[in-house]
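Please read it alongside the sequence and the 3D view.

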Amino acid sequence: MDKIIHCKATVNGGLSKAFAMFTQSSGITEWLAVGAEVEPFVGGRYELFWDIHNREVNSTIGCKVTAIEENEMLCFEWKGPVQFAECMNAAAPLTHVAVFFAPRGEGATAIHLVHTGWGKSEQWEEARNWFEAVWGKALKKLEDVMRNG
């Protein structure tokens, strides 16, 4: 069975605010990337950038939204950073991220992020382990941003 990453967070703010943090470029750049070009519709771009001056490196350039249901779910393709580009960025299909949003009491939102599509080699396992840690840290940062915003 395919190994998956499943990370959870609970953020302050309603569904629409939490959803916007994943679907609006201005939201994503508050907690995940330094630049983003997101088109929140099926087939739209889901391109995040960690080096604005070299957009081809350390980015999700070419990734697309694969499913979207406003304030409930967002799914998109995902690429890896330079150290995992050889396995992750040439894979067909690419790895895939699904994010689910659910209301919690007092105006909070639960977020579940599931990252699938991992290959079987040692390099793939290193990439999966790396992303498991990175997604956890990223969602913690999102919790902090939404707590203070």
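F19 is buried, at 6% relative accessibility; buried means under 20% relative accessible area, exposed over 50%, and partly exposed in between (1.4 Å probe, protein chains only). This is a predicted model, in which local features need pLDDT of at least 70, side-chain atom pairs count only at pLDDT 80 or more, and totals for chains, interfaces and linings use all residues. Residues are numbered from 1 along each chain as its sequence is written, and side-chain values use heavy atoms, with hydrogens and water left out.

Rings of Phe, Tyr and Trp (its six-membered ring) pair if their centres lie within 6.5 Å; planes under 30 degrees apart count as stacked, over 60 as edge-to-face and the rest as tilted. This rule gives 12 aromatic pairs. Two of them are tabulated here.

| Pair | Centre to centre | Angle between planes | Type |
|---|---|---|---|
| F19 and F101 | 5.4 Å | 75 degrees | edge-to-face |
| W50 and W78 | 6.0 Å | 75 degrees | edge-to-face |

F19 lies in helix 1 (residues 15–23) and F101 in strand 6 (residues 95–104), so this pair ties together parts 82 residues apart in sequence. Helices (H or I, at least four residues) and strands (E, at least two) are DSSP runs, numbered from the N terminus. F101 is buried too, with a relative accessible area of 7%.

W50 sits in the loop between strand 3 (46–49) and strand 4 (65–69), and W78 in strand 5 (residues 73–78), so their pair links parts 28 residues apart in sequence. W50 is partly exposed at 34%. W78 is buried at 3%. Both belong to one aromatic cluster, whose members include Y46, F76, W130, F131 and W135.

Helix 4 (residues 122–148) has 27 residues and should span 39 Å at 1.5 Å a residue; its end C-alpha atoms are 39 Å apart, which agrees. The expected span is 1.5 Å times one less than the number of residues. Among the buried residues of helix 4 are W124, F131, W135 and L139. Their cover includes helix 1, strand 5 and strand 6.

How much space lies in the largest pocket? About 270 Å³. A pocket is an open set of points on a 1 Å grid over the protein atoms alone, where a 1.4 Å probe fits, with protein on both sides within 12 Å along at least five of seven lines; lining residues have an atom within 4 Å of a point. Of the 15 lining residues, L32, W50, W130, F131 and V134 are closest to the centre. Helix 4 gives the most to this lining, with six residues.

Conventions: Contact = heavy atoms within 4.5 Å. Points joined across faces, edges and corners; volume = space filled by probe spheres on them.
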